[in-house]
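Please consult the sequence and the coordinates alongside the text.

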Amino acid sequence: MASINQLAVLSSLALVVLLSFSFPDPCLATTRKLSALVQQQPLVLQYHNGPLLKGNVTVNLLWYGKFSPTQRSIIVDFLYSLGSPVKRTPPPSVSSWWQTTEKYKGGPCSVAVGNQILDEKYSLGKSLKTQQIIALASKAAGIKSNAINVVLTSADVAVDGFCMSRCGTHGSGQNKRVNKFAYAWVGDSMTQCPGQCAWPFHQPIYGPQTPPLVSPNGDVGVDGMIINLATVLAGTVTNPFKNGYFQGTSDAPLEAVSACTGVFGKGAYPGYPGEVLVDKTTGASYNAVGVNGRKYLLPAMWDPKTSTCKTLV
């Protein structure tokens with residue numbers, strides 16, 4: 001039987017925005033109060049003694065629906081950036097963000113891109129249930145057991161719970177080749193719910209309608225996918241089978257990144273992503289540099305050494 005961990009971005013973002021309504025005058029004093037409120041919240045992810053994905057981890061991809069070559073390259077470059085040597089990329093680098101996973105039990109986790117399958121004809125239709133996502137992930141699985149099989153759905157594909165309770169998911173399934181495997185799913189929200197799953201590159205559905213940040217790769221939907229893909233990948237390697245690191249219940253856990261929802265830079269508070277870097281030429285916001293000169297905005301990750309949400313800037 002497959003197990004599922006849902007990415008609690010939507011509910012957490014709603015809470016973040018609702019919290020901001022508690023303070024009618026958003027001034028500097030309010031900023032300090034909100035920051036203090038966030039800092040006072042205890043944040044400890046318990047380790048539940050289960051296996052983690054460590055060592056050399058292969059990420060297999062199944063592209064479901066129509067993605068342009070540019071869209072695919074943005075995502076693949078991000079995955080290559082996770083395993084790129086820190087010295088080869090200007091700081092702050094994507095790989096230095098990923099290095100936080102080394103602080104969890106078991107040591108380093110090196111990511112390599114494995115199989116890539118294109119399903120541009122929508123073999124299971126344009127409305128998918130969770131079990132169909134798991135079936136697609138099984139197709140992407142190679143012969144290596146230390147792998148994550150990722151299903152990426154295009155903007156015209158509806159997925160059960162997408163935009164209502166989740167922007168992505170990870171869990172585990174079984175097949176005959178590797179028995180138990182870890183999988184993840186993330187969808188392009190651009191035409192369905194960018195205010196929920198591509199924030200802060202799109203105005204949120206709830207709360208103050210502050211101007212959105214400019215996306216670093218010129219594609220709000222895909223840059224939003226990067227945020228959610230980063231979230232589920234970190235959750236998968238640190239809690240692949242529902243008995244790794246998390247806070248709360250195993251069916252609705254707060255994990256390595258989902259515990260830090262809405263935090264992208266220093267000084268973040270509910271409704272404000274924090275101080276990030278801005279490209280002088282394009283005006284795009286980012287906090288991480290990847291291979292091929294790519295720039296990304298990555299969420300904070302819980303650091304088990306300090307029990308805090310760690311940001312790159």
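With which residue does D156 form a salt bridge? The partner is K126, and the closest N and O atoms of the two side chains are 3.4 Å apart. This pair links distant parts of the chain, with D156 in the loop between β6 (147–153) and β7 (158–159) and K126 in the loop between β4 and β5 (127–128), 30 residues apart. The model is predicted, and every value below is computed from it.

**Overall architecture**

- The protein comprises seven helices and 17 strands.
- Of its 313 residues, 55% are buried.
- Among contacts with a separation of 6 or more, 75% involve residues 24 or more positions apart.

**Salt bridges**

- K103 and D303 form another salt bridge, in which the closest N and O atoms are 2.8 Å apart.
- K103 belongs to the loop between α4 (94–98) and β4 (109–119), whereas D303 belongs to strand β16 (residues 301–303), so their pairing ties together parts that are 200 residues apart in sequence.
- The two residues of this pair fall into separate accessibility classes: K103 is partly exposed at a relative accessible area of 29%, while D303 is buried at 3% relative accessibility.
- A further salt bridge joins the side chains of D279 and K295, with an N to O distance of 2.6 Å.
- D279 lies in the loop between β12 (277–278) and β13 (285–286) and K295 in strand β15 (residues 295–296), so that distant parts of the chain, 16 residues apart, are linked.
- D279 counts as buried because its relative accessibility is 15%, which is under the 20% limit.
- K295, at 23% relative accessibility, counts as partly exposed.

**Helix α3**

- Helix α3 (residues 69–83) contains 15 residues, and the distance from its first C-alpha to its last is 22 Å, close to the 21 Å expected at 1.5 Å a residue.
- The buried residues of α3 are Q71, R72, I74, I75, V76, D77, F78, L79, S81 and L82.
- The elements that cover these buried residues include the strands β3 (55–64), β4, β6 and β15, together with the helices α4 and α7 (220–238).

**Helix α5 and S138**

- S138 is located in helix α5 (residues 130–140) and counts as buried, at 15% relative accessibility.
- Although S138 and Q174 are 36 residues apart in sequence, their C-alpha atoms are 7.6 Å apart in space.

**Cavities**

- Three cavities of 30 Å³ or more are present in the structure.
- The second largest cavity holds about 40 Å³ of space.
- Its lining is formed by S96, W97, T100, M301, K310, T311 and L312.
- By class, the residues lining the second largest cavity are three nonpolar, three polar and one charged.

Notes: Residues numbered from 1 in each chain as written. Predicted model: local features only at pLDDT ≥ 70, side-chain atom pairs only at ≥ 80, totals over all residues. Heavy atoms only, no water. Salt bridge = Lys/Arg side-chain N within 4 Å of Asp/Glu carboxyl O. Helix = DSSP H or I, 4+ residues; strand = E, 2+ residues; numbered from the N terminus. Buried < 20%, exposed > 50% of the residue type's maximum accessible area, 1.4 Å probe, protein only. Expected span 1.5 Å × (residues − 1). Contact = heavy atoms within 4.5 Å. 1 Å grid on protein atoms, 1.4 Å probe; cavity = no way out; pocket = protein on both sides within 12 Å on 5 of 7 lines; lining within 4 Å. Points joined across faces, edges and corners; volume = space filled by probe spheres on them. Nonpolar A, V, L, I, M, F, W, Y, C, P; charged D, E, K, R; others polar.
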